[in-house]
Amino acid sequence: MTFNVAQFNRPKLAWATAGAVNIVTDGNSLVIQGDGVVGVMMGAAPFSAHALTNTASNGQTIAGMAASTGDVTGAHVSGKQNILFAQEGTNSIGTGSSAASACDAMLAYLAAMKAAKVWSCIVVATTPPAWNGDSYGQSFVDDFNAKVDAYNVLLRARYREAADAIIDNRAPGMPFDATRYPNYLRATFFDTTEVNGYSNTQMLNDEADHLRVHYTDACRVRMAAIYAGVFRQLPRARV
């Protein structure tokens, strides 16, 4: 997880004041499935005392997010400290976007949201699918995930243009870092490292006729603990 250190001079969000923070999430099915990682995080203090609105949709691309912003801006609450959490990349790349165009689109989307309303923004690097042995084949998966990794590298380098923080799931020590998961042909991603009390954890669901992309319950619990640290340190938006 990474922050723009220059922004730490700004006050943190008022997590200790019940109802002071309003969280809005947007993105693809990873943000929805099983209530998403943020939904799991919201079950524990201090987050459970604040509001969450999920505007993500299955199969949504970044272009789709940018074309339907009314649900996001409509969920903004004047007088509260508003967080916008955005996670997408996989569907955009899967439908033809290059890594560079997907990164440009995500940053443009966040900049537009900040121009419309006052937000503290978190952007999430996407996670690479695993091959389940279906008709996609090795060459497809290798090419797809090379683009996913390239998107993450660009987002990591440029997120400060429009976001206050990035959750980089491929960074060293994170659940899907390149050391733990270098081989996209593994039918299922396992984390064999003892982190946050979990070891030998299956991270992606066994999905039939599909690249494995969705998080298991155990993965979401593990990642929620990491996400919580990012949310706690997030600075208030500049007004």
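**Strand β2 and its surroundings in the predicted model**

Asn 22 stands opposite Asn 82 in strand β4. The structure described here is a predicted model. This residue pair belongs to a parallel pairing between β2 and β4 (residues 81–87), in which seven bridges are found. A further parallel pairing joins β2 to strand β3 (residues 51–54), over four bridges. In that pairing, Val 24 is placed opposite Thr 53 of β3.

Strand β2 spans residues 21–27, and seven of its seven residues are buried, so the strand is largely enclosed by the rest of the structure. Burial applies to both faces of β2: Val 21, Ile 23, Thr 25 and Gly 27 point one way, Asn 22, Val 24 and Asp 26 point the other way, and all are buried.

For the protein chain as a whole, eight helices and eight strands are assigned. The chain has 239 residues, of which 51% count as buried. Its accessible surface comes to about 9600 Å², with 53% belonging to carbon and sulfur atoms. Of the contacts between residues at least 6 apart in sequence, 74% join residues at least 24 apart.

A search of the whole structure returns zero disulfides.

Note on methods. Residues are numbered from 1 along each chain as its sequence is written. This is a predicted model: local features need pLDDT of at least 70, side-chain atom pairs count only at pLDDT 80 or more; totals for chains, interfaces and linings use all residues. Side-chain values use heavy atoms; hydrogens and water are left out. Helices (H or I, at least four residues) and strands (E, at least two) are DSSP runs, numbered from the N terminus. Buried means under 20% relative accessible area, exposed over 50%, partly exposed in between (1.4 Å probe, protein chains only). Contact means heavy atoms within 4.5 Å. Accessible areas come from the Shrake-Rupley method with a 1.4 Å probe; for residues, only the protein chains shown count as cover. A disulfide is a pair of cysteine sulfur atoms within 2.5 Å. Two strands pair if DSSP finds at least two bridges between them.
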